[in-house]
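Please read it alongside the sequence and the model.

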Amino acid sequence: MDRYDSLILEIIQQHKRQATDKSKIRLRNLETQFWKKVESQSDLSLGLGRVGERITNLYLQGLIENKDGYGLTRKGRVELETVKDHA
């Protein structure tokens with residue numbers, strides 16, 4: 001898992017915290033937020049983004065789930081906390 005993967009997990013978690021109706025983030029919004037953050041951070045490369053592939057891999061690893069939108073699994077929340085602790 002690299003910075004881009006952790007960025008996706010952070011976006012999903014941030015959406016959950018800010019959503020007043022506790023809805024999960026939709027793919028379109030997730031991709032939009034991802035690219036906004038990548039473009040705003042000069043140290044991230046657009047070519048390495050591959051957001052669709054990354055979302056699929058995170059899903060297959062059991063870090064996110066897709067039930068009427070994307071959310072973190074328990075494993076995903078633990079992984080995100082681990083990444084934050086090492087940063």
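Asp5 forms a salt bridge with Arg54, their closest N and O atoms being 2.9 Å apart; the term stands for a side-chain nitrogen of Lys or Arg within 4 Å of a carboxyl oxygen of Asp or Glu. Because Arg54 lies in helix 3 and Asp5 in helix 1, the pair ties together parts that are 49 residues apart in sequence, helices being DSSP runs of H or I with at least four residues and strands runs of E with at least two, numbered from the N terminus.

Arg54 is itself buried, at 7% relative accessibility, and its side chain also meets that of Asp2 in a salt bridge (2.8 Å, N to O). Asp2 sits in the segment before helix 1, 52 residues from Arg54, and is partly exposed at 32%.

## A further salt bridge

The structure holds five salt bridges, and one of them joins Lys24 to Glu65, with 3.1 Å between the closest N and O atoms. Lys24 belongs to the loop between helix 1 and helix 2, whereas Glu65 belongs to strand 1, 41 residues apart. Lys24 counts as partly exposed at 28% relative accessibility, and Glu65 is likewise partly exposed at 23%.

## Basis of the values

Residues are numbered from 1 along each chain as its sequence is written, and side-chain values use heavy atoms, leaving out hydrogens and water. As the model is predicted, local features need pLDDT of at least 70 and side-chain atom pairs count only at pLDDT 80 or more, while totals for chains, interfaces and linings use all residues.

Definitions and conventions: Buried < 20%, exposed > 50% of the residue type's maximum accessible area, 1.4 Å probe, protein only.
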